[in-house]
Amino acid sequence: MRRAPAARPAHPSPAGHGTPAALDLAVDRGSPVPLYYQLARQLETAIEQGALGPGSRLGNEVDLAGRLGLSRPTVRQAIQSLVDKGLLVRRRGVGTQVVHSQVKRPLELSSLYDDLEAAGQRPSTRVVRNAVERASAEVAATLGIAEGTEVHHLERLRLAHDEPMAFLSNYVPLDLLDIRTERLESTGLYRMMRAVGVTLHSARQSIGARRATTEEAERLAEPEGAALLTMHRTAYDDTGRAVEYGTHVYRASRYTFDFRLLVRP
């Protein structure tokens, strides 16, 4: 089995991120897996694990091909596959750069803010709406309250590394907690609930997909009609009370939900 030589170390890029030359890249020519796919998978793993950070430049295709003993079309195919996944972008006058790794969120009762923070994605929030409104019939039925009861209505744009990830709309019972905009901009809603003694116990959640409206596309930096993931969730505390009803949309190009499926005995 012949392996191409590993890439030689190189100095970091000016932005302070890693470069492909600093990675231990190698391909197995005896493997039935196509060479371009082997290279693409190693680069994707490096992006997901942070070895190639946002803004890292991949450098010249000819240099990378020569370093790995591959043809230029093979390297170009590997890079294009990651461009198609939204992990790399080609910029005129700059070259090919890492965008951001796709966020993979496990399906469990946690907040997007906490998940992004745990993944090192540097979350931030722009509060679009923080108002007290009367609950519609749908919101009232979901929260188990009378129609017309006052509730908090929150709308937030969640970002990772200053890039839009999701638009969140939440309804919360008015008497549950004091929700201040400055606090919402610095932490997650579930963390605020836990801080006042709310014990989150369970949730009902449904996930779907649809195309972005003009307004959603503008907010999420996607083209109009781009694919979005949707999530509807009602969270309950340990007494069985509904404490939050959320309707969220996520960029499908930057976001996935992870499922763990078990075989029933």
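Helices (H or I, at least four residues) and strands (E, at least two) are DSSP runs, numbered from the N terminus. On that basis, the protein chain has 8 helices and 10 strands.

## About the model

This is a predicted model: local features need pLDDT of at least 70, side-chain atom pairs count only at pLDDT 80 or more, and totals for chains, interfaces and linings use all residues. Residues are numbered from 1 along each chain as its sequence is written, and side-chain values use heavy atoms, leaving out hydrogens and water.

## The sheet

Six strands form an open sheet in the order S4-S5-S6-S9-S8-S7, with antiparallel pairing; two strands pair if DSSP finds at least two bridges between them. Strand S4 (123–134) and strand S7 (200–211) sit at the edges, each pairing on one side only. On average, neighbouring strands are turned by 15° against each other, direction ignored, with axes as lines fitted to C-alpha atoms and angles running from 0 to 180 degrees between N-to-C directions.

## Around S5

Strand S5 (residues 150–160) has 10 of its 11 residues buried, so it is largely enclosed by the rest of the structure. Buried here means under 20% relative accessible area (1.4 Å probe, protein chains only). S4 and S5 share 11 antiparallel bridges, with Arg126 opposite Leu157 of S5.

S5 also pairs antiparallel with S6, over 10 bridges, and there Leu157 stands opposite Phe167. The S5 and S6 hairpin has 2 residues between the strands, and His161 takes a positive phi near 55° in it.

## On to S9

Leu168 has His248 in S9 as its bridge partner.

How values were computed. Buried means under 20% relative accessible area, exposed over 50%, partly exposed in between (1.4 Å probe, protein chains only).
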